[in-house]
Amino acid sequence: MRAALASQLSWTDVEAFLSEAQDRGDPVACAIHHLRLDTNHITMALRNPYQQLNEEDGEHDEVKREEKEEDKKVEKKQKKKKKKNMQKPESDGLNKPVLIDLDLGLSAFANSKRFYDLKRHAAKKELKTIEASEKAFKSAEKKTWQTLKEVRVVASIQKARKIYWFEKLLWFISSENFLVIAGRDQQQNELIVKRYLRAGDLYLHADIHGATSCVLKNNTGNPVPPRTLTEAGTFCVCHSAAWDARVVISAWWVYHHQVRYLSRNLVLHGYA
């Protein structure tokens with residue numbers, strides 16, 4: 001082909017020369033798939049020669065095996081099974097021709113070196129891509145763990161606090177550790193007198209109509225200190241209408257046995 005081009009034949013004559021060589025069965029001419037003389041290239045369909053040699057050796061070995069098997073007397077069914085097992089699949093699909101573009105301006109060695117350089121460059125590029133992807137994966141993994149550490153919430157189990165009976169009422173603990181309770185409405189006012197007013201307790205009330213009823217719980221059996229009485233009286237005044245009206249009033253107290261309810265009306269037997 002290079003000699004034909006060197007003799008300055010026209011492209012039409014070169015194609016005719018190639019067709020004649022292919023008709024004669026020339027192996028090199030038959031391997032030429034396409035001419036691209038405008039770019040000084042040709043496309044050849046090349047096979048792997050080493051794989052073809054291995055296939056020929058395998059076929060030769062099969063012939064020997066078949067000759068040995070013919071000498072053995074076995075049943076027909078076993079012969080069919082052995083022939084199926086010994087039959088080798090067609091290898092045409094395993095050694096398909098590959099289209100390769102060759103530069104007519106380069107020698108066979110130069111063309112081989114060019115493809116080798118391309119392969120080496122592709123291998124280096126693939127290696128760099130793998131290394132970059134591994135670095136990116138490690139960096140992303142590190143950032144993910146860092147984010148998880150930042151947003152990690154330590155779960156703590158908190159035991160629910162016990163709700164005491166007096167928390168449904170108005171209440172406070174005095175500075176001397178006495179419990180003072182009061183009703184939020186008329187129903188609770190009646191409830192704390194009938195249910196929670198016990199022996200030793202004191203009943204307190206602001207000196208104004210409609211004020212809440214207060215009970216000072218005294219489980220010690222000793223007299224209630226004046227400081228606690230003052231705090232309880234202030235508590236009664238703060239939860240009365242006088243507080244919102246900004247009216248100055250006082251509060252009073254009596255013992256538990258001086259208080260009772262008659263027909264939903266509070267009756268006092270005297271002041272202490």
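This is a predicted model: local features need pLDDT of at least 70, side-chain atom pairs count only at pLDDT 80 or more; totals for chains, interfaces and linings use all residues.

Biologist: Which residue in β2 is the bridge partner of R36?
Modeller: The partner of R36 is H41, and I32 has M44 as its bridge partner in β2.

Biologist: And how many residues lie between β1 and β2 in the hairpin?
Modeller: There are 4 residues between the two strands of that hairpin, and N40, which sits in the turn, has a positive phi of about 60°.

Biologist: What joins β2 to β3?
Modeller: Those two strands run antiparallel and are joined by 6 bridges, with I42 standing opposite L102 in β3.

Biologist: So in what order do the strands of the sheet come?
Modeller: The sheet is an open one of 3 strands in the order β1-β2-β3, with antiparallel pairing. Its edge strands are β1 (32-36) and β3 (98-103), each of which pairs on one side only. Neighbouring strands of this sheet are turned by 20° against each other on average, if direction is ignored.

Biologist: Switching to the whole chain, how many helices and strands are there?
Modeller: The chain holds 9 helices and 10 strands, and buried residues account for 25% of its 272 residues.

Biologist: What about contacts and surface?
Modeller: Taking contacts between residues at least 6 apart in sequence, 50% join residues at least 24 apart. The accessible surface of the chain is about 21,100 Å², and carbon and sulfur atoms contribute 54% of that.

Note on methods: Residues are numbered from 1 along each chain as its sequence is written. Side-chain values use heavy atoms; hydrogens and water are left out. Buried means under 20% relative accessible area, exposed over 50%, partly exposed in between (1.4 Å probe, protein chains only). Contact means heavy atoms within 4.5 Å. Accessible areas come from the Shrake-Rupley method with a 1.4 Å probe; for residues, only the protein chains shown count as cover. Two strands pair if DSSP finds at least two bridges between them. Axes are lines fitted to C-alpha atoms, for helices over the stretch in contact, and angles run from 0 to 180 degrees between N-to-C directions.
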